[in-house]
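Subject: The structure I promised you

Hello,

Here is the structure I said I would pass on. Have a look at it first, and then read my notes below.

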Amino acid sequence: MTSQYISWVTPNLDIYSRGRPTKMTESSSNKLLNGDSCHWTSNGKKSSKNGFVKSHGLFQEPQKYRRPREKNQNVTHNSSLYKKPFAESFEETPLLVAVLTYMGYGILTIFGYLRDFLRHWSIEKCHVAREKEEQKDFVPLYQDFENFYTRNLYMRIRDNWNRPICSVPGAKMDLVERVSHDYNWTFEHTGRVVKDVINMGSYNYLGFAENIGACANAAIEATEKYGVGVGSTRCEIGSLDIHEELEQLVARFLGVESSMAFGMGFATNSMNIPALTGKGCLILSDELNHASLVLGARLSGSTIRVFKHNNMQSLEKLLRDAIAHGQPRTHRPWKKILIVVEGIYSMEGSIVRLPEVVALKKRYKAYLYLDEAHSIGALGPNGRGVVDYFGLDPKDVDIMMGTFTKSFGAAGGYIGGKQELIDYLRRHSHSALYATSMSPPVVQQIITSMRIIMGEDGTTLGIDRIRQLSENTTYFRRELREMGFIIYGNEDSPVVPMMLYMPAKIGAFGREMLKRNIGTVVVGFPATPIIESRARFCISAAHTREMLDTALKATSEVGDLLQLKYSRRERPLPSLGWMAEESLLQD
C-alpha cells in the first residue's frame, strides 16, 4: 500500500507582484484551516490527517520521471519571487502517539495532584518556595497552581538541563558530573569530569566558540589594551574606538547604511521595539516568534495581532483588515504597521518565507522587522543571513536585527538599517541610553570572526566554514530522516528538531545520549506544544564527519531503544547508480 500525504502547496506567488491581488477560488471541501490546498490521493479518498506528511516543496524542478521513493511527493513550479528551491516538511503526529502522549500527561497530572495533597498535609516534604505561616493574610507572592508543572513534571527530568561544563563549548566539551539524592530537587558534584562529549546542543554554527586561533589571540590583545569592561554607557564615556569600528564593519557586512551594537541580544529586541512603535501602531507577529520579540511588542503598548507561522495567507488577511478597518473604535489609520519575523525559528528549524513577506510589506506599505539571531552567519553563500540566502536586497528590510551570540561565538546584538533609523535609536533606545557598553574583548572577538567570514583576513577559512556547515546540515538531516525519525524544518536549517512526543521519553533520550557521550538538548512544554516534545540538534561547521556519524549511530541506538522512529514516510531505496537512473528515464 502506498503512503498517502497531505501536501501544503503555496499558490502562484506572482499575485504578490501585480497591482491587484488575484482572487483564488477552490471547493470548500478542499480547504484546510490555513487556507492551503488539500490534495486527493490516487485512490480517490482523502488522506487521513494523522500519521502522514505535510510538506512545503516549493519551486522544485519538474521531473520527467519519479523514482519509487518519490511517489506522491509534492512538486510545484518555479516562481519569480524565489531564486532557489525552498522545501520544508512537518510530518503529522501519528494518532496513536498523540493519544499515548496525552495519556502520559494525564497520568502525570493525576499523580501531581495526589502529591500536592500529600505535601499540603505534610505527609510528603515540599521543596518549592512557599509562603511563611505568618504571611498567610498577605496576597500570595507565589502561585502554587502556576508552579504545578515545575513541581510535578519538570523536576522529574530536570537533570537534563543546566548541566555545568568546564571547557570551551566547541565541537566537543567536558561536563561536570553531578548526582541527585532527592529526585532532582538538588544536585551534588561528584568531582568527576566527563571528557570529550560531542556537543550537539550549542549554537556554535561556524565553530568560532574556541580558545585558540586568531579570534582568541585578538581578544587577549584587546583585554591587555582596554581591560575587560568600560563601566559606563555609550552615550556617556563608554564609547571606544573599537565600538565604532564594530558598527562600521557590521553595516558593511549587512550591506546597510549604518548599524549599532548592544551588549545583550535579548535586550536588543525587548528594548528597541518599544522605541520604534507605540500607541496607535500595529504589530503583526509570527505566532512562533522568540520571547524577546513578544516582550518588546508588549512593552511598546502597540496593538498586537498574531498570524499563523510562515503562513502568507494569514499575514495578508491581517494586513488587509488593518488597512480596511483601521484602529479599533475610532477606525483611524494605523500610525505604523510593523511585521515582525525571524530568519530561522529555533524550535521548528523553519526558515521565514522572506520573499513573500517582502512582497506583502511593499504592497501594503508596512515596515519589516527581521530577527536574524540564528540565521546570520549560518545561512547564505556569504554567511550574511536569510537576506543573502534568498538573494534579496538588504534595503527591502527596514530593521535588520541579529545577535553575536551564535555564529560569532561572542555576546550582544545589533540593529542595522538606514542612517536615520540608527540616529533615532541612539537617542531613544533604552538599551543604548542606560545599558553598559560591550566588553572590549567581546567586541574584538566579533570583529575578528566577522572579518574571517568576509575573507578580509586574507584566507578562505570563513567561506570554508560556511560551506562545511551547509554540508554537515544536509548530511545530518538526510541520515536522520532515512533512519525513520520525524524531523521538522527546512532542509538548509542547521537547527534540527527531532520529535520525541511522550513526556517520559524527554528525559530518557537526554540521559541515554549522555551515556554514549553525546550532549543534546531536549525540549518540552511550555517551550513547545504539549504533544510536540523534541530533541534539538544544532549542527556546527566544527563537527567532523566522524563526529556526526558517531552522533547518528548513538541516536539510532537510542531511537530503537525508546521506539522513537515514528516516521511513516516511504523509506528511500538504495542508490541505483546513474546507469539504472538512465534506464528508468528511458522506460
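This is a predicted model: local features need pLDDT of at least 70, side-chain atom pairs count only at pLDDT 80 or more; totals for chains, interfaces and linings use all residues.

**Helix α14 and its surroundings**

What covers them? After α14 comes N517, which has a positive phi near 65°.

**Aromatic rings**

Next, the rings. A pair of aromatic rings is described by how far apart the centres are and by the angle between the planes. The count here is 15 aromatic pairs. One of them is Y82 with F86: the centres are 5.6 Å apart and the planes stand at 50°, so this pair is tilted. A plane angle under 30 degrees would count as stacked and one over 60 as edge-to-face. Both Y82 and F86 are buried. Together with Y389 and F390, Y82 and F86 form one aromatic cluster.

A second pair takes us back to α14. F509 and F537 have ring centres 6.4 Å apart and planes at 80°, so they are edge-to-face. This pair links distant parts of the chain, with F509 in helix α14 (residues 503-515) and F537 in strand β19 (residues 533-538), 28 residues apart. F509 and F537 are both buried.

R178 lies over the face of F187, 4.1 Å from the ring centre. The charged end of R545 sits over the ring of Y475, at 3.8 Å from its centre.

Strands of a sheet pair through backbone hydrogen bonds, in either a parallel or an antiparallel way. In this model, seven strands make an open sheet in the order β6-β14-β13-β12-β9-β7-β8, with mixed pairing. Which strands are at the edges? They are β6 (258-262) and β8 (303-307), each of which pairs on one side only. From one strand to the next, the twist averages 20°. Helix α4 (residues 241-254) packs on this sheet and touches β6, β13 (399-403) and β14 (413-417), and its direction makes about 125° with that of β6.

You can walk across part of the sheet strand by strand:

- β7 (residues 282-286) and β9 (residues 337-342) are parallel and share four bridges; L284 stands opposite I339 in β9.
- β9 and β12 run parallel and are joined by five bridges; V341 has L370 in β12 as its bridge partner.
- β12 and β13 pair in the parallel sense over three bridges; here the bridge partner of L370 is M400 in β13.

Strand β12 (residues 367-371) has four of its five residues buried, so it is largely enclosed by the rest of the structure.

**Strand β3**

Another strand to look at is β3 (residues 86-91): six of its six residues are buried, so it too is largely enclosed by the rest of the structure. F86, E88 and F90 point one way from β3, while A87, S89 and E91 point the other way. β3 pairs with strand β15 (residues 489-490) in the antiparallel sense over two bridges, and E88 stands opposite N490 in β15.

**Two single residues**

Is N269 buried or exposed? At 1% relative accessibility, N269 counts as buried. N269 is placed in helix α5 (residues 265-276), and its side chain makes a polar contact of 3.0 Å with the side chain of S292. Leaving aside residues up to four places away in sequence, N269 touches residues including L293, G296, Y369, D371 and M401.

The other one is G412, in the loop between β13 and β14. G412 is buried too, with a relative accessible area of 2%. Again leaving aside residues up to four places away in sequence, its contacts include F262, G263, T403, F404 and M438. The C-alpha atoms of G412 and S439 are 9.6 Å apart, and these two residues are 27 residues apart along the chain.

Enjoy exploring it!

Best wishes

Terms used. Residues are numbered from 1 along each chain as its sequence is written. Side-chain values use heavy atoms; hydrogens and water are left out. Rings of Phe, Tyr and Trp (its six-membered ring) pair if their centres lie within 6.5 Å; planes under 30 degrees apart count as stacked, over 60 as edge-to-face and the rest as tilted. Buried means under 20% relative accessible area, exposed over 50%, partly exposed in between (1.4 Å probe, protein chains only). A charge sits over a ring if NZ of Lys or CZ of Arg is within 6 Å of the ring centre and within 35 degrees of the ring normal. A polar contact is a pair of N or O atoms within 3.5 Å; within protein, one must be able to donate a hydrogen and the other to accept it, and residues adjacent in sequence count only if both atoms are side-chain atoms. Contact means heavy atoms within 4.5 Å. Two strands pair if DSSP finds at least two bridges between them. Axes are lines fitted to C-alpha atoms, for helices over the stretch in contact, and angles run from 0 to 180 degrees between N-to-C directions.
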